[in-house]
Structures are given as C-alpha cells and as structure tokens.
Amino acid sequence: MARITLDNLAHSYLPAPKGEADYALKQMDHVWEDGGAYALLGPSGCGKSTLLNIISGLLIPSQGRVLFGDQDVTRAPTAARNIAQVFQFPVVYDTMTVRENLAFPLRNRGMDAGYVTRRVGEIAEMIGMADVLDRKARGLTADAKQKISLGRGMVREDVNAILFDEPLTVIDPHMKFELRTQLKALHRQFAHTMIYVTHDQTEALTFADKVVVMYDGRVVQMGTPQELFDTPEHTFVGYFIGSPGMNILDAEVSGAMARVKGAEVPLGLGYDALTGRVQIGVRPEFCSLTSGAGLPIRVTRVEDVGRHRIVRGETEAGAVNITLPEGMAVEAGADRVVFAPERVNVYADDWRVRPARGVA
Ligand code: ADP
Ligand code: MG
C-alpha cells in the first residue's frame with residue numbers, strides 16, 4: 001500500500017493548450033494518505049474521472065508527476081501500479097461464470113486454489129451473489145454485473161489502492177446503501193487507500209473519512225464532512241454540500257460587521273479590509289425567523305422534508321433558506337431573518353477569508 005502524491009499535476013486533452021480554460025485539470029498538488037477512505041465529489045464534468053484515470057495510469061498527465069510512495073509512476077502502465085479500479089458501468093467477462101469473474105484477478109496473479117476459493121466466497125457474500133456463483137455472467141442484469149465488477153475490484157487484498165468511479169450508478173437504490181456499507185467494512189478490514197468518485201453528496205459523506213471537493217478542474221477543499229459543513233473554503237462547497245446549500249449574499253465587511261442589502265449582519269469575529277467580490281455565507285441551519293430586528297424577509301414557501309422544515313424566502317439581498325428544527329412552527333407575522341454571528345463565513349472572490357482575530 002502506498003501514499004499517493006500528485007505533484008504539480010495538470011491535464012489538458014488538447015494537443016496545444018493555451019490558457020487555463022483548456023485544462024480539464026488545473027495545476028494542483030495533492031496527497032492521498034496511505035489507508036485513507038476518500039470521496040472525490042463534484043458535479044459532472046469537473047474532472048473527477050480525469051484525475052482518477054491519471055492515478056490509475058489510463059491517462060498520462062500533460063504536466064507533473066504521480067508518486068506511489070517515493071516511486072514515480074507517472075508513465076508506468078496500469079498493470080505495474082498494483083491498483084484495482086471499478087468503473088461506472090460493468091466490465092465483466094460474459095462467457096465466464098460469476099465465480100470465474102471474481103477469481104480472475106487472483107488467478108492472474110497465481111494465487112493458490114484454496115485461497116482463491118475462500119476469498120471468492122467471502123466477496124460473493126459481500127455483494128450478495130453467493131447463490132449465483134455458477135451462473136454465466138451473460139444474461140445477468142446490469143445491476144448484477146456491476147456487483148461483479150465491484151467484487152472484482154475488492155477481491156485482491158494486496159493492492160496499493162482501490163479506485164471507484166461512480167460505481168453505484170446502475171445499482172438499485174436499496175442495494176446502494178448495502179454496498180456502501182460493505183465498502184466501508186472492507187476499508188476497516190484491509191485499510192486499503194480508497195478513492196470513491198461520486199457527484200452525490202450523501203454517498204460522499206457516508207462513505208468517506210475525508211471528502212475532496214472538485215469544481216471546474218480544481219480541488220477546492222479537502223476535509224471531514226463536519227469541516228465542509230462548518231467552514232466551506234469556497235462558495236461552491238457551501239452551495240454544493242448541504243440541503244439546501246449555504247445562503248450566499250453580497251456584502252460589504254468592515255471589522256466585525258457585514259452590511260448586506262437591507263440590513264447589518266453582526267459577525268462572530270473581525271476581518272481586515274477585503275478586496276474583490278465580498279460575500280457572506282451562512283447555512284440554513286444557522287438562520288432563524290423572527291420579527292422586529294434582522295434582515296427583512298418575505299416567506300415564499302414552507303416545505304416539510306421528513307424531520308425538519310425548509311422555509312424559503314426572498315430578501316433585498318437575495319433568496320434565503322432557513323431550516324426549522326422538528327416541531328417548530330413558522331410564527332405568524334415573522335418577517336425578519338437573523339444569522340448566528342459565529343456561523344457566518346466571509347468570502348472574497350469565492351474563497352473563504354480567515355478572521356483577523358481569534359481562531360478560524
Ligand atoms: P467528471 O468525471 O467529473 O464528470 P471528466 O474528468 O470526465 O469529468 O471530464 C472533465 C472535462 O474533460 C470535461 O470538460 C470533459 O468534457 C473533458 N473530457 C473528458 N474526457 C475527455 C476526452 N477523452 N477527450 C476530450 N475531453 C475530455
Ligand atoms: Mg466521470
């Protein structure tokens with residue numbers, strides 16, 4: 001197993017890239033610690049598969065190096081990297097049985113027959129296919145074939161890393177949860193480095209210890225689910241993580257006070273003078289609806305979503321969503337929203353600004 005370092009990496013699919021816009025991956029440095037369970041989260045087209053394929057060796061980056069431990073593998077073929085990769089759509093050998101498909105990576109490496117039988121049995125249990133081991137893969141549903149692909153990705157115990165590229169896309173929702181739980185169990189058991197690509201925040205947050213958020217060819221933040229929730233380093237993280245995402249309003253900030261259109265908003269800590277487009281961000285969970293003082297709001301909709309409610313409103317500064325805890329009603333006449341000061345983040349040109357005093 002190995003720590004994976006991306007050193008000064010960038011990739012363009014064009015033969016002669018000119019500006020930054022021509023790069024699917026902008027220049028980056030990034031380290032994946034040995035044994036980490038990572039989710040790589042971001043919207044479609046942000047560069048997740050490009051990054052994964054560079055790590056696995058399916059793609060050679062146009063700039064920079066990939067290191068496994070201290071070894072430069074940038075130009076090493078996939079087979080020499082000792083990794084397993086599971087793709088979005090099934091890759092199975094149709095003429096082989098389920099058992100043969102699962103055993104393939106082990107037989108390929110000359111493992112002894114007793115071990116292969118035992119290991120294939122364990123994996124078959126994990127993916128819920130122990131009773132169809134002797135069926136041919138041909139004729140199985142896409143869902144079942146993808147489970148075989150997942151199983152094949154997990155069958156080797158000696159890999160440097162397992163890379164998953166949106167592996168549950170074709171799996172039915174019920175089984176998704178089950179398989180994700182199995183992947184976590186597998187991680188606990190073998191502590192492989194795992195990188196799990198998804199565009200689904202629920203998948204990312206439940207699978208990973210560390211979530212790496214990508215946006216437009218860049219890693220914009222790596223953090224625990226809690227860190228992404230509390231202190232999004234980029235407005236995109238605030239907006240993309242959470243349901244609904246963070247409220248983001250244009251502001252002028254002076255010391256420990258922000259002025260948005262319609263009100264002054266006290267901040268938990270003071271800030272030095274800022275340049276660029278200044279915004280404040282506050283999650284709906286830290287907004288409350290009141291009357292009297294605060295930012296004037298017109299409630300447009302109240303949605304019941306299981307255990308809590310989402311109040312959607314309009315202010316002079318823009319749309320604001322508020323999450324009401326379970327059982328709390330919208331007071332008649334509530335026409336102001338207030339933000340918990342210590343929960344307001346400040347952004348300049350989309351990046352979070354650290355307060356001038358105190359601990360960020
Ligand atoms: P994601 O996996 O996050 O959806 P990708 O890594 O597949 O994103 O794509 C990142 C960007 O690179 C997109 O703009 C996509 O159109 C482009 N791209 C991906 N693969 C190729 C390719 N083989 N040739 C040219 N452009 C590509
Ligand atoms: Mg992709």
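# Exercises: a ligand site, helix packing and backbone details

A polar side-chain atom of Ser49 lies 2.9 Å from an oxygen atom of ligand 1. The model is predicted: local features need pLDDT of at least 70, side-chain atom pairs count only at pLDDT 80 or more, and totals for chains, interfaces and linings use all residues. Residues are numbered from 1 along each chain as its sequence is written, chains are lettered from A and ligands numbered from 1 in the order in which they are written, and side-chain values use heavy atoms, with hydrogens and water left out.

## Exercise 1

Task: Find the residues that surround ligand 1, then look for polar contacts (pairs of N or O atoms within 3.5 Å; within protein, one must be able to donate a hydrogen and the other to accept it, and residues adjacent in sequence count only if both atoms are side-chain atoms).

Solution: 
- Step 1. List the surroundings, where near means a heavy atom within 4 Å. They are Tyr13, Ala24, Pro43, Ser44, Gly45, Cys46, Gly47, Lys48, Ser49 and Thr50.
- Step 2. Take Lys48. An N or O atom of its side chain is 2.9 Å from an oxygen atom of ligand 1.
- Step 3. Take Tyr13. Here a nitrogen atom of ligand 1 is 3.4 Å from a side-chain N or O atom.

## Exercise 2

Task: Describe how helix H2 (residues 98-108) packs on helix H3 (residues 113-126).

Solution: 
- Step 1. Know what to report. Two packed helices are described by the angle between their axes and the distance between the axes. Axes are lines fitted to C-alpha atoms, for helices over the stretch in contact, and angles run from 0 to 180 degrees between N-to-C directions. Helices (H or I, at least four residues) and strands (E, at least two) are DSSP runs, numbered from the N terminus.
- Step 2. Give the values. The angle between H2 and H3 is about 130 degrees, and the axes are 10 Å apart.
- Step 3. Classify. H2 is therefore oblique to H3. The classes are: under 35 degrees roughly parallel, over 145 roughly antiparallel, 65 to 115 roughly perpendicular, the rest oblique.
- Step 4. Name the contact (heavy atoms within 4.5 Å). H2 gives Arg99, Leu102, Ala103, Leu106 and Arg107; H3 gives Tyr115, Val116, Arg119, Val120, Ile123 and Ala124.

## Exercise 3

Task: Which helix pairs that include H4 are roughly parallel?

Solution: 
- Step 1. Find the meeting residues. Lys147, Leu150 and Met154 of H4 meet Met175, Leu179, Leu183 and Leu186 of H5.
- Step 2. The angle is about 30 degrees, with axes 7 Å apart. H2 is therefore roughly parallel to H4.
- Step 3. Find the contact. Val98, Asn101, Leu102, Phe104 and Pro105 of H2 touch Ile148, Gly151 and Arg152 of H4.

## Exercise 4

Solution: 
- Step 1. A cis peptide bond joins Ser243 and Pro244, with omega about -5 degrees.
- Step 2. Asn8 is not a glycine, yet its phi is positive, about 55 degrees.
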